[in-house]
Amino acid sequence: DRIVTTEGHDAPVLRIAQITDTHLHADPDGCLLGLNTRHCLQRVIEHASQRRPELVVASGDLTHDGSQQAYALARDCFNRMGVPVHCLPGNHDEAEMLKKCMNGNGYNSHTGIRINGWQLIFLDSSVAGSEGGHLSAAELENMAASLQQASDLPTLIWLHHQPVAIGSRWLDTMAVDNPDDFFAVIDRHPQVRGIIWGHVHQVFDQQRNGVQLLSTPSTCIQFLPGSEDFAVEHIPPGYRWLDLYDDGHFTTGVERLPDIPGDIDQGARGY
């Protein structure tokens, strides 16, 4: 799964770990298709910490039930990393609860940051009561304003839902439903280096007009790429690392645990 987008030899100015689709429950022993999601996240965090990231992006579906208890559990798990955690909501999150619980004391739920010569923009693609995604006019306007105001900064944009089809029919029914509006903004701003998301529980890596398009595996179950209908791929959980450099390029790849932390329900037909 190691994917390197560009070459670089100097030390990075920022190291990021993207950890996504953790699907925590109010019950610490809650499971998703047979896997204890808290235990899986703890294992991934332990693995990711070896790269010593300076910042974490938690890109949605932090919880499976949207409960305050599950967000408290998320904080308890991420606290072990000792670095700022920037959170954005997914379709299984309760967006307002996430904002309430995942702000302060090293946690942030907001539109973006400028750090070490880079801009990171965090979008809310969640729609209450829907598994699919949408970027509101206000969200797109804020993104455009951030890009305009920092036109000299290389930029990464993060969201939960995929803005392009990934070739899996059932998942592509739950993508961003207004991608043309989104890319109309992106195409006006050449400083955008990458667009990165979660949601699809698998790796995706393509380029569009020189912009890297990337998805990241879940910390629990993985979905089978290219599947027409719901299907699980029996490979270990993982996370994405990104090293950002001061000349505006970045390198990235995916790391996985050496094993699946538990036994996946073989008969699952949905989640």
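1. **Ground rules.** This is a predicted model, in which local features need pLDDT of at least 70, side-chain atom pairs count only at pLDDT 80 or more, and totals for chains, interfaces and linings use all residues. Residues are numbered from 1 along each chain as its sequence is written, and side-chain values use heavy atoms, with hydrogens and water left out.

2. **Helices α1 and α2.** Two packed helices are described by the angle between their axes and the distance between the axes. Helix α1 covers residues 37-49 and helix α2 covers residues 68-78. They pack at an angle of about 25°, and their axes are 10 Å apart. Therefore α1 is roughly parallel to α2 (angles under 35 degrees count as roughly parallel, over 145 as roughly antiparallel, 65 to 115 as roughly perpendicular and the rest as oblique). Axes are lines fitted to C-alpha atoms, for helices over the stretch in contact, and angles run from 0 to 180 degrees between N-to-C directions. Helices (H or I, at least four residues) and strands (E, at least two) are DSSP runs, numbered from the N terminus.

3. **What touches in that pair.** From α1 come Arg 38, Leu 41, Gln 42 and Ile 45. They meet Leu 73, Cys 77 and Phe 78 in α2 (contact means heavy atoms within 4.5 Å). The contact of α1 with α2 holds five nonpolar residues, one polar and one charged. Here Ala, Val, Leu, Ile, Met, Phe, Trp, Tyr, Cys and Pro count as nonpolar, Asp, Glu, Lys and Arg as charged, and the others, Gly among them, as polar.

4. **Helices α4 and α6.** Here α4 (residues 137-149) packs with α6 (residues 179-186) at an angle of about 10°. The axes are 10 Å apart. So α4 is roughly parallel to α6. Leu 140, Met 143, Ala 144 and Leu 147 in α4 meet Asp 181, Phe 182, Val 185 and Ile 186 in α6. Seven residues of this contact are nonpolar, none is polar and one is charged.

5. Rolling a probe the size of a water molecule over the atoms shows where empty space is left. The whole structure has two cavities of 30 Å³ or more. On a 1 Å grid over the protein atoms alone, a cavity is a set of points where a 1.4 Å probe fits but cannot get out, and a pocket is an open set with protein on both sides within 12 Å along at least five of seven lines; lining residues have an atom within 4 Å of a point. Grid points are joined across faces, edges and corners, and a volume is the space filled by probe spheres set on the points. The largest cavity holds about 50 Å³. β15 gives the most to its lining, with four residues. The lining has seven nonpolar residues, no polar and three charged.

6. **The second largest cavity.** This one holds about 30 Å³. Its lining includes Thr 111, Phe 122, Glu 139 and Met 143. α4 gives the most, with three residues. Four lining residues are nonpolar, two polar and one charged.

7. **The largest pocket.** Its volume is about 160 Å³. Among the residues that line the largest pocket are Gly 90, Asn 91, Asp 93, Ser 126, Val 127 and Glu 131. The lining divides into three nonpolar, five polar and four charged residues.
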